[in-house]
Amino acid sequence: MKSLKNFVLLLIMLSSTYLSAQKLDNFIVSINYGTKGLTAELSEVWPIRQDVGSYYDGFNSNVNLGSWLNYAGVSPEFSFFNKKLSISPGLRFTNLNAEIVKSDYYKEGYYFLRVNSDGITTNYARVKAIREETNYLGVPLEVKFTPFYFSYISFHVKLSAELAYKIYSSTDIEFKHADMENYQNEVLNDLSIGVNNVYSSVYASMGARFSLGDKMFCSLDVFLPAFYMTKNNSSLVNINNISGAQFSLDIPF
Amino acid sequence: MKNIIKISCLSIVFISCLLITSCSSSDFELSKSVFIEDYDFPGLPVYSEWGYNTFGMYIDRRSFISYGDVYPAKIIVNPDTFNLTFNGLYNNIPASLRISIKGYVPTDYPELVELNDSTLDLKASNCIVTLKQGGYTTKLNIIQGNIKFKRVQNLYVDKEFAKTILSGTIEFKTFLNNEPVAITNGRFDLGIGYENFYYY
């Protein structure tokens with residue numbers, strides 16, 4: 001998998017180098033917004049007592065896992081070979097969220113989080129939800145191939161890579177009893193909770209660009225599952241898969 | 001005067017109800033059984049130290065496990081003997097395995113932490129093991145074996161003492177129906193509290 005990632009990154013860099021020596025056909029600035037749905041499993045880092053997502057003997061042990069990613073960015077697009085091939089670097093802000101919420105949260109449901117344990121004494125806390133938010137700022141790089149051009153629509157496929165650095169991260173534990181709020185920092189320190197400072201992924205997508213008339217376009221892309229994604233971008237969940245969509249407003253110059 | 005007494009009594013009853021209700025709800029959550037199957041030993045729960053209120057063991061190839069609404073374990077100390085009873089299903093029939101230790105007398109469940117990281121030889125002279133099934137109770141003739149209390153811990157929830165958790169393993173050889181049998185891969189993770197500890 002690592003060799004595949006390296007190959008794809010090398011391919012994109014070589015393409016960029018080659019294309020930068022070609023005659024530029026077109027230049028477009030793209031403002032884009034994307035969202036990615038993530039499938040996830042509970043991370044083993046968190047010592048949560050109840051089994052996730054199960055009913056036992058009619059008792060509700062269900063805990064809902066949620067994870068999603070949104071981003072916004074701006075990308076200049078350079079086209080070559082009669083607009084068949086284009087390359088887009090850019091700047092992207094990525095927001096990654098994860099949460100573990102008791103399924104009967106609104107009925108004051110809770111689960112148990114082990115706060116600490118030292119041999120013969122163990123402390124649990126009743127917890128309603130744990131939420132985590134992480135923001136990254138980074139650089140995407142896309143290579144796009146547009147084989148089909150029509151009057152008002154064109155179809156394309158993209159190969160993309162992105163590299164981003166963490167600029168913010170916070171984890172919040174919602175205890176059932178307000179008295180336990182003072183425990184939050186102690187819990188997070190004891191568990192050595194942390195997320196990866198770097199977020200990177202390599203993925204493919206396919207989409208279409210639509211003419212809005214008078215030199216304005218919009219694009220819609222659908223992501224295929226990522227070939228590669230960095231690990232530990234969330235301390236709450238292990239992200240297994242990734243897919244989503246991106247909407248762009250494209251302004252040619 | 002009569003009205004004051006009436007109001008005071010009603011207040012006491014009301015507050016008592018609240019206290020009882022709050023105590024019951026916290027015990028109720030921790031009294032649930034969380035059975036997570038061990039994929040290495042099908043039919044048995046994984047070994048855990050969370051107070052999942054489960055146990056399981058193979059009697060030859062058949063499983064004897066905790067089930068349903070029945071308390072998986074009760075501890076009865078009376079008067080000079082400690083009795084740990086596992087209540088479960090064996091061959092789809094309710095069964096109980098009781099381990100009795102003469103001379104060990106904890107008067108309350110927090111004292112059970114004395115058992116932490118200890119091993120009891122089931123063939124010892126002060127130890128009796130009985131199996132109850134289908135209304136018949138059989139004292140088992142132990143060939144060899146032991147019960148290990150790998151971890152015994154006092155559990156606090158939101159800084160209040162809640163239960164004592166007994167976690168460990170058990171294995172031994174004995175006779176059933178005049179045939180030698182092996183009880184293997186036994187594991188237990190039990191929450192002991194007011195509702196299943198008896199001293200009298």
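## Chain B at a glance

Of the 200 residues in chain B, 46% count as buried, where buried is under 20% relative accessible area, exposed is over 50%, and partly exposed is anything in between (1.4 Å probe, protein chains only). This is a predicted model, so local features need pLDDT of at least 70 and side-chain atom pairs count only at pLDDT 80 or more, while totals for chains, interfaces and linings use all residues. Residues are numbered from 1 along each chain as its sequence is written, chains are lettered from A and ligands numbered from 1 in the order in which they are written, and side-chain values use heavy atoms, with hydrogens and water left out.

As for the fold, chain B has one helix and twelve strands, running α-β-β-β-β-β-β-β-β-β-β-β-β from the N terminus. Helices (H or I, at least four residues) and strands (E, at least two) are DSSP runs, numbered from the N terminus.

## Contacts and surface

Take the contacts (heavy atoms within 4.5 Å) in chain B with a separation of 6 or more: 56% of them come from residues 24 or more positions apart. Chain B exposes about 10600 Å², with carbon and sulfur atoms supplying 56% of that; the areas are Shrake-Rupley values with a 1.4 Å probe, and for residues only the protein chains shown count as cover.

## Helix H2 of chain A

Over in chain A, helix H2 (residues 184–191) buries Gln184(A), Val187(A), Leu188(A) and Leu191(A). They sit on the same side of H2(A) because they cover an arc of only 95° around the axis, going by the directions from the helix axis to the C-beta atoms. Asn185(A) and Asn189(A), on the other side of H2(A), are exposed.

Strands E7 (111–117) and E9 (153–175) of chain A are among what covers the buried residues of H2(A).
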